[in-house]
Amino acid sequence: MQVAAVKEYAGTPRDGVENFHGNQLLYIGWDDHLMFCAPLTFPFPPTLRFGDIVEKVLPGAYGYHPDWARVDWSKVEWLKSGQPWTPHFNRTLAENGLGHKDVLRFRTPGLTGIQGSCS
Amino acid sequence: MSKVFIALQTNDDTRPIIESILADNPHALPVESPAMVKIDAEGRLTVKRESISERIGREFDLQELHTHLISLSGHIDESDDEFTLHWND
Amino acid sequence: MDMQVPKKKLGLKERYTLMTRDLAWDTSYQPKEKVYPYADYEGIKIHDWDKWEDPFRLTMDAYWKYQAEKERKLYAIIDAYSQSNGHLGVTDARYLNAIKIFLTAVTPLEYMAHRGFAHAGRAFPGPGARVACMMQAIDEMRHAQTQIHSLSNYNKYYNGFHDAPHMYDRVWYLSVPKSFFDDAITAGPFEFIVSVGFSFEYVLTNLLFVPFVSGAAYNGDMGTMTFGFSAQSDEARHMTLGLECIKFILEQDPANLPIVQRWIDKWTWRGVRLLSIVAMMMDYMLPKRVMSWKEAWEIYFEENGGALFKDLARYGIRMPDCCEQIRQEKDHLSHQVWAAFYNYSAATDFHTWMPDEDEMKWLSQKYPDTFDQHYRPRFEFWREQQQKGNRFYNKTLPMLCQTCQIPMLFTEPGDPTKICYRERDYKGSKYHFCSDHCQHIFDNEPEKYVQAWLPVHQIYQGNCFPEGSDPTAPGFDPLAAVLEHYRLNAGRDNGDFEGSEDQRNFEAWRGMAKRND
């Protein structure tokens, strides 16, 4: 059963990529830093260079945190849909295989938030 | 046996109702909070029309309870004379 | 001369039968299926509607009598409260922010419940159920009206109370209650009554209307106390209807059990997610506290709900499978949700703040296993930063759960340091969830939930700006445009309580109330 209905019924998904004016959604979460209460949602063009996210977008989102300045990007571990994943900073989102509504998490070893509380 | 409860607002109208419930259900326990009282009882609790009528000096209609009730739990058995809450387990 | 012989007064049961069932009739011009087109499609089998027993046996004449009395009491108190400037007697103006949430998030649900029960009353073929649903539909309308009347008094003095119905349809966090009730009223009549009548009314509304409203009384808010208890006096009848309905459905046919169990699982979880906002209202927004969320949870969900499910076990009903996760979350819920609203306080019609040291002590004491370890460091850091003029605001929109629509703020069961992520591919698209239970709800009816109106996605699609906006124009400020679309007055309604107009006015007016200058 796909839905309980009196007759044949199909829903229209509201969040198809065609509705985002050339952007696709990318969700990003910083593990062990719950000061940011939830992962973040970004609309990006698929042609955006991945490195631009890390260098130009994320500092505005996460820079408030005292750990941000201490992140060693050579040691960061990435997860895509919960599985280990390696980004290529000089390639675009599309070239990195990132599609609409993909979810990335990054771990920053050694950094565990305010007083080690994962905040 | 699980507990049932009835919660009533605390005001002048409910004072004799609460007194009656506690007198008719010696196993019941009142828990007071601001503006309300919650009466817990193991298994079963009965509100009796006659006891309330005696205390207030006029005929009480058990459905008057609706005006002061806050909440309750358990199955309800209601007649003109008694209002009972109980679990079946 | 004719003598009027007084007739013996009818007993309650006889009166009830005469005034409900005996006033009903069977259709003859049209087949029954055409008159009641929604009675069968959910798969619930009913063989004999006469087996329906309304345990309260309230007839319409008695209903009007008692409801009129409740209304007279309520409005007498509301008048007295506003005539005596009662709003200056509340413990602290911070408290009023909880009441803003009540008006924007709860009151519109009362109105939706009115619509839902009116529909269910029309859709059920049995007269007992129809009468009970009709009374509840009228009750729910009364609740919406009395809440709006009581709270309009605050709108004269404080910010954020001015446009609740408009906000309900637009503001990001209000999509949580809105989607909850839209889900319920777009279900069939049986699922609706199990969702709202049983899972919500019986298992969960006590948590809102009993300890929270008692808390309102404790904080000097006579207006909220009065409408709250007046509403809850109807609630006892609603809970009874919900329980009766479950028993009736289960006794009618053994094939109904798995359907009802799935609905109970679904709606217990949806209700628990919805009530997470009440958790933070109780633990963080009442300056004087009657009990913690966790304590209220233990009394009204674990003890009372436990007794209920034990009783229903003889029909084969078991506790919903989400209960284990719910048990773990009670130590974390209010803190996580308050932290989330603190993050996004720039986009709400109410203020947030960090608890002071005394309040933190209370939280440590009530949550000895979690508060100091997981939440105090974060909250102290935020408080220090706020005092230095560097108050934290999260400037990027959060990721939302497709089902409950709450930001993905909940942590993994068993690990409060990690966000819980779940995802599902359906027809070539990805969908994300805050929990296994929200994902299961989606899995059971994906065609319903793919249509979710997720506020964050809607903003990024450009659907939440005032009409005529041009997001490509130079200097376009998307946050300001969204707030304007919400009709939220930036700088007055939103942000930190410290330094707010509400805070200044309350202090000034309370001072004036004690002096003659």
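Which residue in β4(A) is the bridge partner of K80(A)? I looked it up, and the partner is Q83(A).

Ground rules before I go on. This is a predicted model, where local features need pLDDT of at least 70 and side-chain atom pairs count only at pLDDT 80 or more, while totals for chains, interfaces and linings use all residues. Residues are numbered from 1 along each chain as its sequence is written, chains are lettered from A and ligands numbered from 1 in the order in which they are written, and side-chain values use heavy atoms, with hydrogens and water left out.

**Strands in chain A**

I stayed with K80(A)'s neighbourhood. Strand β3 (residues 77-80) of chain A is joined to strand β4 (residues 83-85) of chain A by three bridges, and the two run antiparallel. Strands here are DSSP E runs of at least two residues, helices are H or I runs of at least four, and both are numbered from the N terminus; two strands pair if DSSP finds at least two bridges between them. β3(A) and β4(A) make a hairpin with two residues between them, and S81(A) in the turn has a positive phi of about 50 degrees. I also found four bridges from β3(A) to strand β5 (residues 102-107) of chain A, again antiparallel. In that pairing E77(A) stands opposite R107(A).

**Sheet in chain B**

Next I traced an open sheet of four strands in chain B, with the order β2-β3-β1-β5 and antiparallel pairing. Its edge strands are β2 (29-33) and β5 (69-73), each pairing on one side only. I get an average twist of 15 degrees from one strand to the next. Five bridges link β2(B) with strand β3 (residues 36-42) of chain B, and E32(B) sits opposite V37(B) there. α8(C) packs on this sheet, touching β1 (3-9), β2, β3 and β5 of chain B, and its direction makes about 140 degrees with that of β5(B). Helix α9 (residues 222-252) of chain C lies across β1, β3 and β5 of chain B at about 25 degrees to β5(B). For the angles, axes are lines fitted to C-alpha atoms, for helices over the stretch in contact, and the values run from 0 to 180 degrees between N-to-C directions.

**Cores**

I then asked which residues touch the most other members of the largest nonpolar core. Out of 222 residues, they are Y62(A), L45(B), F83(B), F198(C), M285(C), W293(C) and F379(C). Such a core is a set of buried Ala, Val, Leu, Ile, Met, Phe, Trp, Tyr and Cys residues joined through side-chain atoms within 4.5 Å; buried means under 20% relative accessible area, exposed over 50%, partly exposed in between, with a 1.4 Å probe and protein chains only. Helix α8 (residues 189-218) of chain C gives the most to this core, 18 residues. Apart from it I noted another core of six residues, including L58(C), Y63(C), Y66(C) and M135(C).

**Helix pairs in chain C**

Helix α3 (residues 60-83) and helix α5 (residues 127-155) of chain C pack at about 5 degrees, axes 11 Å apart. That makes α3(C) roughly parallel to α5(C), since angles under 35 degrees count as roughly parallel, over 145 as roughly antiparallel, 65 to 115 as roughly perpendicular and the rest as oblique. The axes of helix α10 (residues 256-285) and helix α13 (residues 333-343) of chain C come within 8 Å and cross at roughly 90 degrees, so α10(C) is roughly perpendicular to α13(C). I also checked D265(C) in α10 of chain C: D265(C) is buried at 15% relative accessible area. Leaving out residues up to four places away in sequence, D265(C) touches R318(C), P320(C), D321(C) and C322(C), a contact being heavy atoms within 4.5 Å.

**Cysteines**

How many disulfides does a search of the whole structure find? Zero, over all chains, with a disulfide taken as a pair of cysteine sulfur atoms within 2.5 Å. C37(A) counts as buried, at 3% relative accessibility. For C133(C), the nearest cysteine sulfur is that of C245(C), 7.7 Å away, and C133(C) is buried at 0%.

**Chains**

Last entry: of the two pairs of chains in contact, A and C share the most contacts. No contact joins chain A and chain B, whose closest C-alpha atoms lie 31 Å apart.
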